[in-house]
Amino acid sequence: MTVQTSTTRLTVAQALVRFLAAQYTERDGVRQRLIGATWGIFGHGNVAGLGQALVEYGEDMPYHQGRNEQSMVHAAIGYARQSNRLATHAVTTSIGPGATNLVTGAALATINHLPVLLLPGDIFATRVADPVLQQLEVPYAGDISVNDSLRPVSRYFDRITRPEALIPAALQAMRVLTDPVETGAVTLALPQDVQAEAYDWPEEFFAERTWVVRRPGADPTELAEAIRVIRSARRPLVVAGGGVHHSRAEEALAEFAETTGIPVASTQAGKGSLRWDHPQDVGGVGHTGTATANELARQADLVIGVGTRYTDFTTASHTLFAGDGVRFLNLNIAPFDGHKLAGTPLIADASSGLAELTAALRMHEHRVEEAYIAEYTLDKDRWEHRVDACYEADEPDVRPTQPQVLGALDAIVDESDVVINAAGSLPGDLHKLWRARSRDQYHLEYGYSCMGYEIPAAIGVKMAAPERNVWALVGDGTYLMMPTEIVTAVQEGVAIKMLLIQNHGYASIGGLSESVGGERFGTAYRYQSDDGTYTGAPLPVDLAANAASLGMRVLRAKTVSDLREALAQARAADTPTCVYVETETADTVSGAPPAQAWWDVPVAETATRPSAVKAREEYDRHVSTRRRHL
């Protein structure tokens with residue numbers, strides 16, 4: 001007997017919008033919508049398909065108008081991170097430049113394990129109009145378009161060449177977006193003719209679906225081994241990564257640290273896992289970390305990685321964890337990361353795994369020796385005095401250093417503020433110096449360290465948490481990459497705060513260039529000199545005027561006292577507001593403590609210039625300390 005299924009005749013684009021509006025996530029009994037809105041810039045590849053569908057179903061699917069395709073992805077990622085990966089946005093573009101502009105954002109999402117749904121238009125599935133405008137013709141393959149550049153940076157990719165293919169593809173897309181191990185960029189490429197094609201869709205396709213985000217516990221055998229390893233260690237150190245935040249495991253981590261007395265260092269993604277003033281928090285670890293955390297790392301006999309993937313900044317390019325016989329215990333929901341550094345794997349959700357470890361260690365009354373606690377407590381106190389010295393401005397009527405800028409911001413924020421950054425010299429200063437007051441105050445995108453991320457991400461964060469004060473910390477190089485979403489913030493009344501720091505160039509890379517024998521070549525924003533080098537006067541670029549021209553309220557600060565007043569005004573503002581301040585030029589240091597650990601940037605093996613020769617000698621000295629953990 002044939003069972004009759006009721007159907008609704010819609011275009012592919014209309015069906016997709018209705019489907020997305022009915023998807024939900026649930027974790028710990030809390031249910032929320034998965035796709036909160038769709039960003040879009042329209043061209044011939046999506047205007048008649050998804051564009052029309054978003055008009056048709058505007059009540060079901062909110063729409064945000066972007067100015068740059070890459071920055072739309074950044075905004076969606078900011079929203080997703082602030083939503084603990086339980087909600088995200090979709091992004092639609094036309095075929096051609098709009099689609100390829102998604103690649104950078106997709107890479108950022110996938111590297112950082114953050115969900116975002118990409119819906120680029122594509123060439124005609126029927127091939128009747130080949131070659132259409134912006135089509136890449138490949139002589140050896142008819143089924144390749146520019147969208148295939150998204151394959152390597154997507155966790156799931158499909159091209160919907162027939163209407164009925166949307167059903168399994170859409171379900172697979174939701175599965176990946178909500179998988180805590182697999183999540184990242186998901187791409188559904190939509191040929192422009194198929195988008196507008198009608199089909200009789202089963203009503204079940206549009207029924208509400210709830211995707212449960214798993215919290216797997218540890219395997220008993222792995223858990224027993226983990227407990228044995230911890231109990232045998234004398235100088236253990238926790239390295240907290242971004243997985244702590246993704247799991248909302250901050251309270252579980254605090255309970256573990258308080259029970260055992262084990263100190264907690266944090267990666268860029270993990271900073272804020274404990275408050276800065278928690279007794280067990282010893283600050284950032286690795287190349288941009290604190291002296292306290294890095295000295296503990298050098299002497300640790302056990303490194304307990306929680307939700308970290310051990311990037312080269314964290315491991316100081318495999319030179320940091322130098323203790324004799326040091327071992328690794330890796331609590332991670334992803335087996336790929338759990339087995340890194342030949343570690344003992346504990347494959348589980350961070351919150352579940354920490355709770356199981358704490359319960360077992362409490363039963364054994366396990367705690368590190370008091371002398372170890374006293375040692376890192378004293379070192380932590382010494383480091384905080386160094387932070388105070390960096391933040392302090394004895395002369396309030398002079399131009400501030402970059403750490404003094406951070407100190408002025410630190411003085412006015414509370415636990416409700418969110419600070420966003422991604423690139424330049426700021427990540428190093430922030431990782432060392434910033435005093436994170438809440439689990440999500442410190443929002444550093446350092447998996448891809450993408451210049452241009454901060455402003456659109458701030459918009460996404462503010463959309464996810466409209467009650468919070470959201471700060472985009474931007475250097476001049478980053479600002480010039482992608483300021484266009486200021487217009488979106490103004491248009492939609494998203495009251496982000498932007499702290500725009502002018503230092504006349506790529507100050508971070510300038511310093512790195514000097515240290516590796518590159519002599520700061522091509523890193524300053526200056527006029528050309530007679531010899532053709534860019535060593536003349538700084539360019540007369542007025543970034544504050546540019547921000548104002550895009551509709552943002554701008555407050556200029558020339559001195560430390562000006563800056564304090566401007567930041568206070570910006571924090572109280574209910575419209576998008578920029579605080580502009582000029583600090584040091586690109587050929588001076590920021591004033592923060594130097595790197596506390598090494599980072600491997602290969603130096604020319606042969607050179608005649610003295611700077612490169614000297615840099616190579618220093619490089620050889622450091623690289624000789626690298627070790628493989630087997």
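Buried here means a relative accessible area under 20%, and exposed means over 50%. With that in hand, here are some close-ups of this predicted model.

**Close-up 1. Cys578 is a buried cysteine.** The relative accessible area of Cys578 is 0%, so this residue falls under the 20% limit and counts as buried. Its sulfur lies 20 Å from the closest cysteine sulfur, which belongs to Cys450, and that is too far for a bond.

**Close-up 2. Cys450 takes part in no disulfide.** The structure as a whole holds zero disulfides. For Cys450, the nearest cysteine sulfur is that of Cys578, 20 Å away. A disulfide would need the two sulfur atoms within 2.5 Å. Cys450 is also buried, because its relative accessible area is 6% and the limit is 20%.

**Close-up 3. A patch of negative charge sits on the surface.** Here you can find Glu392, Asp394, Glu395, Asp397, Asp562 and Glu565 gathered together. Asp394 has a relative accessible area of 66%, so it counts as exposed.

**Close-up 4. Ala233 lies in a loop.** Look for this residue between helix H8 (220-231) and strand E12 (236-240). Although Ala233 is in a loop, it counts as buried because its relative accessibility is 12%. If you also bring Lys432 into view, you will have two residues that are 199 residues apart along the chain, with 27 Å between the C-alpha atoms of Ala233 and Lys432.

Conventions
Residues are numbered from 1 along each chain as its sequence is written. This is a predicted model: local features need pLDDT of at least 70, side-chain atom pairs count only at pLDDT 80 or more; totals for chains, interfaces and linings use all residues. Side-chain values use heavy atoms; hydrogens and water are left out. Patches are made of residues with over 30% relative accessible area and no salt bridge: like charges are joined within 9 Å, nonpolar side chains (Val, Leu, Ile, Met, Phe, Trp, Tyr) within 5 Å. Accessible areas come from the Shrake-Rupley method with a 1.4 Å probe; for residues, only the protein chains shown count as cover. A salt bridge is a side-chain nitrogen of Lys or Arg within 4 Å of a carboxyl oxygen of Asp or Glu. Lys and Arg count as positive and Asp and Glu as negative; His and the chain ends are not counted. The place of a charge is taken as NZ of Lys, CZ of Arg, CG of Asp or CD of Glu. Buried means under 20% relative accessible area, exposed over 50%, partly exposed in between (1.4 Å probe, protein chains only). Helices (H or I, at least four residues) and strands (E, at least two) are DSSP runs, numbered from the N terminus.
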